[in-house]
Amino acid sequence: MTNLEMSNEFDIHYNSIAGQSAPNIDDYEKSVFFTKAQLELVKNYYDALSNRKQKGFEATEKRRTDLKELIVNYKNSTPLSLNNGIDINSKFFTIPNNTFLIIQESAKLSSNNNCINNNIANIKAITHDEYNIQKLNPFKKPDEDTLWRLDIAKYDNNQIVEIISPYDIAEYHMRYIKYPKPIILKDLTVTFPGENLSIDGFTAETQCELNESIHREILDRAVELALRDYKPQNLDSKIQLDQRNE
């Protein structure tokens, strides 16, 4: 769907439920609702426990298609020279700032041991509680097959990951879902001159990045969000109808 189509259909659905007495929603407000709806759907698709069908984003062909435009590969062969890790074997790598959710990661190891050198180890994301429990267990510690990854705050305005590995890492590999750009129906600087409006730092007209198969679900969710804010008493019947959606 084009931005114009999404905007026009939003008006039709919103007005048919909220009624003619409902307040008008301008293009900036609609853009905010579309952007929030898009982000909620991406989060719900990733977390199986938060969606109606209790399925993760790779559980069905449709879900894989819906989000495939957001999946990006990344490699980094330059570790950061930091010495403030939680573990003596901590290694740090920068990752793209648009990283939203990491879905797969591995590392190419570097070692004087020819049996381990260039080995590809899986990386397992763990919590700090898990680290505290397992760090002294010799049978659970990272090895040439599986490394640990801990989340950590930004460094020098860059997102970073902390990898715990007993071996040097020649290359860090990651596949991730990037943070979707906002859906901005019209250029905000032109449509609302002098108001300094932006969404996630963007002002130019921006199309939805996701596959067209999910556009109407974003549209339905955006209408629900608008009704919740402006006409909450008319929302229940709308949500019941949309339970048919993926």
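Which residue stands opposite Ser106 in S4? Read on through the legends to find out.

This is a predicted model, so local features need pLDDT of at least 70 and side-chain atom pairs count only at pLDDT 80 or more, while totals for chains, interfaces and linings use all residues. Residues are numbered from 1 along each chain as its sequence is written, and side-chain values use heavy atoms, with hydrogens and water left out.

**View 1. Here is the open sheet, built from 7 strands.** Their order is S1-S7-S3-S4-S5-S6-S2, with mixed pairing. Strands (E, at least two residues) and helices (H or I, at least four) are DSSP runs, numbered from the N terminus. S1 (71–76) and S2 (90–95) each have a single partner strand, so one side of each lacks a neighbour in the sheet.

**View 2. Zoom in on S3 (residues 99–110) and S4 (residues 120–125), an antiparallel pair with 3 bridges.** To count as paired, two strands need at least two bridges found by DSSP. And there's our answer: Asn122 in S4 stands opposite Ser106.

**View 3. Now meet helix H1 (residues 3–18) packing with helix H6 (residues 215–230).** Their axes lie 10 Å apart, at an angle of about 45°. Axes are lines fitted to C-alpha atoms, for helices over the stretch in contact (heavy atoms within 4.5 Å), and angles run from 0 to 180 degrees between N-to-C directions.
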